[in-house]
Amino acid sequence: MVASRRPAKAPTDAAAAAPAADDANTRVLKKYPNRRLYDTRNSSYITLADVKQMVLDGQSFVVRDAKSGEDLTRSILLQIILEEETGGVPIFSTQMLSQIIRFYGHAMQGMMGSYLEKNLQTFTEIQHRLAEQSKTLYDPKAMSPEMWTQFLQGQAPVVQGLMGNYLEQSKNMFLQMQEQMAKQAETLFPGMGPLSGKR
């Protein structure tokens with residue numbers, strides 16, 4: 001973690017001093033016009049690398065504009081993702097990013113966001129289960145992506161079973177969402193008849 005630097009003088013605006021509206025356990029970070037981030041809990045300036053470490057540690061935080069109080073958490077998280085995507089091995093392919101962009105403004109935008117979020121939660125659960133199983137062989141925190149690949153290849157039947165379940169859950173989730181949309185459409189437009197494909 002990058003060492004944070006304590007300012008010579010702490011910001012004096014009331015917003016930085018009193019992060020009242022947020023949960024007591026939520027760490028409040030203030031973003032200033034000079035693009036610096038200020039941690040109100042520790043009374044120190046921090047870097048984007050520090051924020052990334054907070055994410056990795058599972059700490060709850062919110063980033064607010066120092067003057068307006070606007071929530072900037074998403075834009076900071078997107079900055080971290082951009083740095084990771086450009087600096088290391090990217091998760092998103094060009095094709096995948098293009099597909100995501102096409103959903104903006106599309107009628108299915110809300111559904112796609114929910115679908116991706118639920119899929120990511122399921123995938124995280126699978127990752128956790130694999131990490132638990134690997135504890136007897138390796139320290140999961142010390143494993144590189146290459147070591148994980150070797151481990152997963154050696155656990156082929158287990159991984160296939162987990163991924164098979166994951167894909168089945170993903171398919172069922174999509175079908176449920178599709179059904180809900182069809183029911184809502186039938187309620188809104190009763191004259192059109194059933195839209196779910198079931199006659």
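**Helix and sheet**

Tutor: Just after α2, G58 takes a positive phi of about 75°. Helices here are DSSP runs of H or I with at least four residues, strands are E runs of at least two, and both are numbered from the N terminus. This is a predicted model, where local features need pLDDT of at least 70, side-chain atom pairs count only at pLDDT 80 or more, and totals for chains, interfaces and linings use all residues. Residues are numbered from 1 along each chain as its sequence is written, and side-chain values use heavy atoms, with hydrogens and water left out.

Student: Which residues of α2 are buried?

Tutor: L48, D50, V51 and M54, in a helix that spans residues 48-56. Buried means under 20% relative accessible area (1.4 Å probe, protein chains only).

Student: And what do they pack against?

Tutor: The buried residues of α2 pack against β1 (27-31), β2 (37-39), β3 (44-46), β4 (61-65) and α3 (73-87). Contact here is heavy atoms within 4.5 Å.

Student: OK, switching to the sheet. What's the strand order?

Tutor: β3-β2-β1-β4, an open sheet of 4 strands with mixed pairing. The edge strands, β3 and β4, each pair on one side only; two strands pair if DSSP finds at least two bridges between them.

Student: How many bridges join β2 to β3?

Tutor: There are 3, and the two strands run antiparallel. Y38 has Y45 in β3 as its bridge partner.

Definitions and conventions
Buried < 20%, exposed > 50% of the residue type's maximum accessible area, 1.4 Å probe, protein only.
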